[in-house]
Amino acid sequence: MHTFSYIARSAIGALLTALLLSPSAPLAAQQSEADQAISRAVAAYSSVRTARATFEQRIVNSLTGSRLNSRGEFEQSRPDKFAFRFSDPKGDMIISDGKFVWAFLPSSVPDQVIRTPLTKDMSGSFDLIGAFFTNPTARYVIRDAGAETIGEYATRAVSLIPKEGVSANFSRAKVWIDIESGLLRQFESVEHNGITRVVRITSFTRNATVAASAFRFKVPRGVKVVDGSGM
């Protein structure tokens, strides 16, 4: 996935051809590419009720300059249940049971778990599908960010900026949408606390069979539960 495939070379060739033939392409044409990509993504995820995926994540804290790389598995049962289980750092997990979001990160804080109520507006949720592709044209200013190859997939990059009055967990985001399938292959979000999060989705299965037990969190013995609602 990290080498240039025939698809990647074709995508780059098509982009170069477009630039040569149309060196001053109008903004309206660029915007239509973004709108088409978003429409494909909305259609691709409209029928998704459950999902299973694997991911790689990079987090950069602009305030401290720290960087953290991680990877793991993601499971979801829409609209309000999800589970991130990390293989690196091993044992870390973030789980929503539909009422609370449980963040247990023993790699850094082994003796506590943060429990945050899941509000009606889904605040605190990690619904990747809903965050970007629920009523996107009404919620975001959409801009084209060009063609790019992610792994072996030809994608269209699109920037999303929340419109005034729209509540979002990020101040701006960029999503890379598969040109053929409409699936999300990568996203980058700049959060309000100064953290930049880049997530590459390495595999994704729509409407996968997901066990109900995947969304249950059992507090380990000796671990303190901390209320995160005021954080």
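I call a residue buried under 20% relative accessible area, exposed over 50%, and partly exposed in between, with a 1.4 Å probe and protein chains only. With that in hand, Asn 207 is partly exposed, because its relative accessible area is 41%.

**Ground rules.** The model is predicted, so I keep local features only at pLDDT of at least 70 and side-chain atom pairs only at pLDDT 80 or more, while totals for chains, interfaces and linings use all residues. Residues are numbered from 1 along each chain as its sequence is written, and side-chain values use heavy atoms, with hydrogens and water left out.

**Entry 1: the sheet.** I began with the strands, taking helices (H or I, at least four residues) and strands (E, at least two) as DSSP runs numbered from the N terminus. Two strands pair if DSSP finds at least two bridges between them. In which order do the twelve strands run in the open sheet? I read S7-S8-S9-S10-S11-S1-S2-S3-S4-S5-S6-S12, with mixed pairing. Strand S7 (140-150) and strand S12 (224-227) stand at the edges with a single partner strand each, so one side of each has no neighbour in the sheet. On average, neighbouring strands are turned by 20° against each other, direction ignored. For such angles, axes are lines fitted to C-alpha atoms, for helices over the stretch in contact, and the angles run from 0 to 180 degrees between N-to-C directions.

**Entry 2: pairings along the sheet.** S7 pairs with strand S8 (residues 153-162) in the antiparallel sense over nine bridges, and Val 141 has Ile 161 in S8 as its bridge partner. Next I looked at strand S3 (residues 81-88) and strand S4 (residues 90-97), an antiparallel pair with six bridges. Here Phe 84 stands opposite Ile 94, and a hairpin through one residue joins S3 to S4. The hairpin of S4 and S5 has two residues between the strands, and Gly 98 takes a positive phi near 100° in it.

**Entry 3: Ser 70.** This residue lies in strand S2 (residues 67-77). Is Ser 70 buried or exposed? Ser 70 counts as buried, because its relative accessibility is 6%. I then listed contacts (heavy atoms within 4.5 Å). Leaving out residues up to four places away in sequence, Ser 70 touches Glu 56, Gln 57, Phe 86, Asp 88 and Pro 89.

**Entry 4: rings.** I count rings of Phe, Tyr and Trp (its six-membered ring) as paired if their centres lie within 6.5 Å; planes under 30 degrees apart are stacked, over 60 edge-to-face and the rest tilted. The structure holds 13 aromatic pairs. One of them, Phe 55 with Phe 86, is edge-to-face at 5.6 Å centre to centre and 90° between the planes. This pair links distant parts of the chain, with Phe 55 in strand S1 (residues 50-61) and Phe 86 in strand S3, 31 residues apart. Phe 55 and Phe 86 are buried. Elsewhere, ring pairs link a cluster of Tyr 45, Phe 132, Phe 133, Tyr 140, Phe 170, Phe 187 and Phe 204.

I also checked for charges over rings (NZ of Lys or CZ of Arg within 6 Å of the ring centre and within 35 degrees of the ring normal). Arg 115 lies over the face of Phe 100, 4.6 Å from the ring centre, and the charged end of Arg 185 sits over Tyr 153, 3.7 Å from its ring centre.

Entry 5: Which peptide bonds did I find to be cis? The bond from Arg 78 to Pro 79 is cis with omega near 10°, and so is the one joining Asp 88 and Pro 89, with omega about 0°. Pro 79 is in the loop between S2 and S3; Pro 89 is in the loop between S3 and S4. Asn 135 has a positive phi of about 50° although it is not a glycine. Its place is in the loop between helix H3 (128-133) and helix H4 (136-139), and Asn 135 is exposed, with a relative accessible area of 54%.

**Entry 6: cores.** A nonpolar core is a set of buried Ala, Val, Leu, Ile, Met, Phe, Trp, Tyr and Cys residues joined through side-chain atoms within 4.5 Å. The largest has 33 residues, and Phe 132, Phe 133, Val 158, Leu 160, Val 175, Ile 177 and Leu 184 touch the most other members. Helix H2 (residues 27-45) gives the most to this core, with six residues. A second, separate core of twelve residues includes Met 93, Trp 102, Phe 104 and Val 113.
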